[in-house]
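Student: Could we go through this structure together, beginning with the overall fold and then turning to the charged pairs?

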Amino acid sequence: LTPVRSDLAMAWAIARKDALAELRGRQAAVSTLFFAGLVLLLFGFALGPDSRRLAEAAPGLLWLAIVFGGLLTVARLHQVETDDGALDELARYPLERRAIYAGKAMAGLLAMLVLGGVLLPVVAILYGIDLLAAAPLLVLILLLGAIGFAAVGTFYAGVTVRMRAREVMLPLLMLPVIAPLLLAAVKATAAALGGDPFGELAAWLQLLAAFDLVMLLAGAAGYGYLLEE
Amino acid sequence: MMKTRILGVVALVAVAAASVNGLFLVPADLNQGDAQRIMYVHVPSAWLGYLSFGVTAMAGVAYLWKRDLRLDAVAHSAAEIGVMFTAFAIWGGMMWGQPVWGVFWQWEDPRLTTTALLLALYVGYLLFRRLTDDPRRRASRAAVVGVVAAVDIPIVHFSVEWWRGLHQGPTIGSPERVLDPAAPSQFVIALVSMVVAFTIAWAWLMIRRYQLARTEAEIEELARRGRVAEARRAGMAPPRAELEEPAR
């Protein structure tokens, strides 16, 4: 095997392991989905019952719910590794650390896509949004947003995994970093839903893609330093 | 020691002189009145915030390369001083915004929102440092966190700039707009001298904070040795993590 291919194979194996663990320990994953849906319901109480106002705020509310649910998701994906010292074990294997990062990020991406896939129809129903007209665009935005979130989330989950007060440190460190992602994803979603009257959609998609690329590289480079010791 | 003291005195005199100039000698701005004088401390503070975070990122990279805890102390000192200056810049901006814009917080000003996120990034960095005990683990992780934060800053800047302005031109001039070439040289001199004075004060603060950080590290190390010795006296094996000497 060439090094790159074996890296990819390792990453894929780690991602598959995480996906399997998520499926078998379904309760935690389902609870997170339910929590994110509940956030959308509560936003309705906070801003409703004026349905026009809710429809207007829908892109922002959708992405906030994805962010809140995503924080729990990336934290959980790392927590399972430390509960029984599995991460140390993983770090001891003779494989590139960026493969571990890629694997964890891939698992995070899958979980984020499930989260977004569940929340999109909930938003459509609760806030009265017609998703179908813009469905392909929304899928693309969700994909780009999920990649960025998984890239950043995996890195910061690794940073905080063994520290005190990690429940609060993960969002504290991560939320300012993903502010551009939130902003671009919300703007792109709003543009996609509103027919892009100002022709700004492409610019936001590019920003999302650039964010993803930069954060994947930074995360992969930085993650290795987290595993040493 | 003596040199640092001299630097401190120079900084004090420079800041005092530049302040007297900015507060009393330079005339008030025609449109903004005395509120414009806030710019003389606002702009240097913002500049030093950015400078500090740049130093934190560079010292972080250097630490990951050389593994010298003194570099970590530089990164830590710069981050703390940067947070102070950034908070001061935001505070000054709000004090200026209230009389000139009519609001403390102007969401349409990309610099204000960017700077607020910047402050949040490095407050997180400092809290992260406080919650990690092992000096070497703290140093390498903080370095990575500091570098990723620095990488994020340009993206934050662009996104916030676009957010406000993709389909709407800038409506309100920012404080720095006063500095266009048409501004009378009196104002320019007042601002530049303040920037220089503040930067000297920054250098002095950096040296002092660095010395403090080294002393803190020494105390930490003595406490560690104390714990190891105590565990040995009590006939117990000290925790493995406490046995290793930090590099320097």
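Student: Before that, what should I know about the model and its numbering?
Tutor: This is a predicted model, in which local features need pLDDT of at least 70 and side-chain atom pairs count only at pLDDT 80 or more, while totals for chains, interfaces and linings use all residues. Residues are numbered from 1 along each chain as its sequence is written, chains are lettered from A and ligands numbered from 1 in the order in which they are written, and side-chain values use heavy atoms, with hydrogens and water left out.

Student: How many helices and strands does chain A have?
Tutor: Chain A has nine helices and zero strands. Helices (H or I, at least four residues) and strands (E, at least two) are DSSP runs, numbered from the N terminus.

Student: What percentage of chain A is buried?
Tutor: Of its 229 residues, 49% count as buried. Buried means under 20% relative accessible area, exposed over 50%, and partly exposed in between (1.4 Å probe, protein chains only).

Student: And which share of the contacts is between residues 24 or more positions apart?
Tutor: Such pairs account for 80% of the contacts in chain A with a separation of 6 or more, where contact means heavy atoms within 4.5 Å.

Student: Where is A:Val186, and what does it touch?
Tutor: A:Val186 belongs to helix α8 (residues 179-193) of chain A. Leaving aside residues up to four places away in sequence, A:Val186 touches A:Pro59, A:Gly60 and A:Trp63. Its C-alpha atom is separated by 13 Å from that of A:Leu137, 49 residues apart along the chain.

Student: Changing topic: how many salt bridges are there over all chains?
Tutor: The structure holds 14, a salt bridge being a side-chain nitrogen of Lys or Arg within 4 Å of a carboxyl oxygen of Asp or Glu.

Student: Which residue pairs with A:Asp7?
Tutor: A:Asp7 forms a salt bridge with A:Arg98, and their closest N and O atoms are 3.3 Å apart. The pair links distant parts of the chain, with A:Asp7 in helix α1 (residues 3-24) and A:Arg98 in helix α5 (residues 97-127), 91 residues apart.

Student: Is A:Asp7 buried or exposed?
Tutor: A:Asp7 counts as buried because its relative accessibility is 14%, whereas A:Arg98, at 46%, counts as partly exposed.

Student: What about B:Asp133 and A:Arg164?
Tutor: Their side chains meet in a salt bridge (2.7 Å, N to O). B:Asp133 lies in the loop between α4 (110-130) and α5 (135-165) of chain B and A:Arg164 in the loop between α6 (135-160) and α7 (166-177) of chain A, so the pair joins two chains. B:Asp133 is exposed at 52% relative accessible area, and A:Arg164 is partly exposed at 42%.

Student: How far apart are B:Glu221 and B:Arg225 in helix α6 of chain B?
Tutor: B:Glu221 and B:Arg225 are four residues apart in that helix (residues 185-233), so about one helical turn separates them. Their salt bridge has its closest N and O atoms 3.1 Å apart.
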